[in-house]
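This report goes through selected parts of one structure. Please look over the sequence and the model before reading on.

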Amino acid sequence: MRALNRKLFRDLSTLKGQVAAIGVVIAAGVMTLIVFMTTLDSLTLTKDRFYRDFQFADVFADLKRAPNSVGERLREVSGVNHVETRVHAPIRMEVPDFGDPVRGRLISLPDGRQPNVNRLYVREGALPEPGRPDQVAVNEVFAEAHDLGVGDCLTVIIRGSMETLAIAGIVLSPEFVYQLGPADLFPDYERYGVLWMNERALANAYGMDGAFNNVVLTLQAGVVPGPVIDSLDQILAPYGGIGAYGREDQMSHRFVSDELDQVRAMATILPAIFLGVAAFLLHVLMGRIIRTQREQVAVLKAFGYTNGEIAFHYALLTGVIVLLGSVLGILLGAWAADGLARIYMEYFRFPEIGFRVRGWVIGLAVAVAGGSAFFGAFAAVRGAVKLPPAEAMRPPAPERFHRGLLERSPLWRFIGQPTRIILRNLSRHRMKSALSVSGIALSGALLLVGSYQFNAVDHMIDIQYRLIQRMDVHLTFTDPTPERSIGELRHQPGVRYAEGYRSVPVRLVNRGASYQTSILGIEGDSSLRGLIDRRHRPVALPPEGMLMTDYLADYLGVFPGDQVEVEVLEGHRRTVSVPLAGTVDEPIGVSAYMDRRALNRLMREGPALSGAWLLTERREERALYGELWRMSRIASIGLIRDAESNIREHMEETVLAFMAVALLLACSIAFGVIYNNARIALAERMRELATLRVLGFSRGEVAWILIGEIALLTVIAIPLGWVLGTLFAWSLSYAMSVDMFRIPFIVTTWTYAFSAAGVLVASFLSVLLMVRRIRKLDMVSALKTGE
Amino acid sequence: MTSEPEITSHVSERREEVFRTEGLTKVYVMGEVTIHALRGVNMALYAGELTVLLGASGCGKSTLLNILGGLDVATGGTVRYRGRDLTRAGERELTRYRRYEVGFVFQLYNMIPSLTARENVAIVTEIAREPMTPEEALALVGLDDRMDHFPSQLSGGQQQRVAIARAIAKRPAVLLCDEPTGALDSKTSVGVLQAIENINRELGTTTGLITHNEVIGEMADRVIRMSDGKVAEEHRNPSRRPPAELSW
Ligand SMILES: Nc1ncnc2c1ncn2[C@@H]1O[C@H](COP(=O)(O)OP(=O)(O)OP(=O)(O)O)[C@@H](O)[C@H]1O
Ligand SMILES: [Mg+2]
């Protein structure tokens, strides 16, 4: 079979443009599969290992204050493995050379030992020495954000008193893989930090001697958290427990698992799209290669090559393309997975992320690529095998013409010969034209999928910060506070407007489903917190009843008019039933809303506030923060304006980093497909074009036949690409919507324009390359070796 | 019209029948149109003979040769090859038949453009039983100096000679040539015909050759004239004229 193999390699080198184009598409599929599978695999393994080795808690609970003796009762709850009772203290910090307010949390460590639950990984230095009241361990992200090292000092304000603490160690905790402030939606490593300190010293400073206000515990193997949570709630209720919760509701864990869900969705959908397109292209390419080689196939058959040998030959041709694409895809995939690792290292703090492309992932990727190539090429190869040799020996049966509608119309007379050739070619080869249009449309669709998220994310952030969270500063109070504190806030420097809110932690229950969140009580005429519907129109807050995000309503399976069971997790814990008055459409977060006064009534309290929102003058910010610091009632200060830039940065670095890769791939594929298409059109027309040149047509006229054809197909393909792309984008959005973000399914005009422009540019470049070939068209040899 | 069985008995006295067709028909159906390319052909080719098939364009010569060569199957009638019924042969048997018994030369050369002259021959010798080397075969058609040229670098006559080398390299039992000189000038044609005649004479290969050039009929042992899908006339030349003496 040596001569046949030589034919294979010569064919491959003549078709190198097309081979490269398809190779790139296959590489894209293999790459996305490898990147996302590797990410999913490594992240899951790393997370599981960290959780296991560092005893990540299964159940968490906050309370007001309980004597340490209560800890013993918790240890006796059946199913519990280890329990750590801790002191949690909200703090403010002063960081040298950083003017903005910095909030944080101090967590107690058992004196002189690692805790049994939520152990710390010491990256640098050591845990505070036993008995030392002036040492802390600092979470790595915070230390990095302020360039703090072991030995540096921090000024920390605990319950109004200032302490200077030395950093003994830089640490990581399974509890804060993703470090997020209590009211934040996005991490802000500069303005929020978690610190650990010896228990006795912290209890002393926070007024918690002999007591605790936070519990974390692990469960024995195979125990479900539900009953333990109930027991915990019962035991802690007299001590101001606000509801124990399992890992599922733990912030850091939830973000990590949301992220994993998103990665899983991308690992399924993106390779499916890319490899689907690759299979389609292979189908078209192999079909066309074999069609142009039908005479050669016939000769081989005439000389007694068996069907098996011929099928093997073309299968090998396909196989080589798949192999090239796979190798490229594996290399790119390994490279991109590494880049992704760096992004994750930034946001998810694990002791190390073991990004390693595993054998089975490569195997899977190559198998999927090979499989889709097989499906793509199968029909074409079978066609080659079926070709009876005598049939193929003749030039293809004379093509039959029908005078179509256009040709019978009076318009036809005004169409020049070359244009007539275009129109006849297209209508005669309807199937072929349809395949070309589909190929171009698919590349347009990929461009759309690759780019729509950029706009959708922008749009989401705009909605969140223009229509929903319109405040500049978000304050939380240490305890529910009377309404008149608003008046006081209005008089602070730079405050243009202030508005109070009430926020109550609750568990919402409907039949089997439950969700732990909070009900936000908003003023009926709020001008700082918007509630909007799907079309961004304001939703009026009902005087009674509750609104919730439609994502949450969906999750709980409730509809407007239904009663929702509300377990209040604060103060006098009760369960009440509240009607769902309607839903709101918010891209970020999962909350429920009520009129503030109605919420006060539900809580059986006077007109109390949990915090306030401010509109401020930027110029007077510094002075304002200084004043706010001094108010002991204020537990935290959140700068929403800064949050907006944080979220943009966050989205750019995570979601959009993926999409940038996908977009890059989409661009190369689009070009590959369109170039491929033009190249085939040229190959098929070579003889015809040479003949026309011989008959005296100019280069321009001859080129027009090809260009016109490509242009016409492109124009037809663009809207089809929009439709397909919208479909792809929708499925991606649907698969990627998780608790925290639901990137809205919005395809903007800009995105459609981008998709169209991408296709047009690729067509233009391809045409340019074709024109160069036409210019060099050697009439004699084109006529001599009819393809 | 001469009665065919008579002719058959007359010639079979001397020669062994390699091919024998009886009532061979071939119908092409193209939508509403049916074309009767062969309408009951009775003919034979004899061992070691060179037979020329003559006839006007479209009379069914290529169709007949394709069926004899196992490239196509008849609609009706029978074809026997050394007593084997080709019309009953399956795909696998026909492939083996083409692989080991038949050498084919096509009207349009049908080179593999991506392979050199030598490789175009090698592609056949590699799957044959006791082939010549590609070099030997190309030497037989006088192309030993063009072995590493691609088809596009060869003239039409040279390509046709490569095609002949390719057909004879496996030392086939039969050589079937479909208008090997159709596209060539008379001088080049003579060269190609000489190559065919050489092989027929020296290897004793049973040869069928299609042409619509009457003059070429003079180099044959026998001439079969076809018209409108049937054998119209058949005669034996008293002696074969060497191709070099032919001119047109
Ligand atoms: N695949 C086909 N489909 C339909 N009709 C066909 C097909 N092949 C051949 N024919 C018809 O069958 C008839 C015989 O064709 P064939 O090719 O055998 O003629 P020929 O004698 O070889 O002519 P020429 O000298 O021009 O090569 C012709 O009328 C031709 O149009
Ligand atoms: Mg013919």
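## Helix 1 of chain A

How far does helix 1 of chain A reach from its first C-alpha to its last? The model is a predicted one. In it, helix 1 of chain A (residues 2-14) spans 18 Å with its 13 residues, close to the 18 Å expected at 1.5 Å a residue.

The buried residues of this helix are Ala3(A), Leu4(A), Lys7(A), Leu8(A), Asp11(A) and Leu12(A). Their cover includes helix 2 (16-53), helix 8 (294-302) and helix 9 (307-347) of chain A, together with helix 4 (117-125) of chain B.

## A nonpolar patch on chain A

Val761(A), Phe764(A), Leu765(A) and Leu768(A) make a nonpolar surface patch of about 380 Å². Phe764(A) belongs to helix 22 (residues 749-775) of chain A. This residue counts as exposed because its relative accessibility is 53%, and exposed means over 50%.

## Chain B as a whole

Chain B contains seven helices and ten strands. Its radius of gyration is 18 Å, which agrees with the value near 18 Å for a compact globule of 248 residues. Along the principal axes, its C-alpha atoms fill a box of roughly 50 × 40 × 35 Å.

Of the 248 residues in chain B, 54% are buried. The chain exposes about 10,200 Å², with 48% of that supplied by carbon and sulfur atoms. Among contacts between residues at least 6 apart in sequence, 71% join residues at least 24 apart.

## Helix 6 of chain B

Helix 6 of chain B (residues 156-168) reaches 19 Å, close to the 18 Å expected. This helix is mostly covered, with eleven of its 13 residues buried. Among them are Gly157(B), Val162(B), Arg166(B) and Ile168(B).

Conventions
Residues numbered from 1 in each chain as written. Chains lettered and ligands numbered in written order. Predicted model: local features only at pLDDT ≥ 70, side-chain atom pairs only at ≥ 80, totals over all residues. Heavy atoms only, no water. Patch = residues over 30% accessible without salt bridge, like charges linked within 9 Å, V, L, I, M, F, W, Y side chains within 5 Å. Areas by Shrake-Rupley, 256 points an atom, 1.4 Å probe, with all protein chains shown as cover. Salt bridge = Lys/Arg side-chain N within 4 Å of Asp/Glu carboxyl O. Helix = DSSP H or I, 4+ residues; strand = E, 2+ residues; numbered from the N terminus. Buried < 20%, exposed > 50% of the residue type's maximum accessible area, 1.4 Å probe, protein only. Expected span 1.5 Å × (residues − 1). Contact = heavy atoms within 4.5 Å. Rg over C-alpha atoms; globule rule 2.2 N^0.38 Å.
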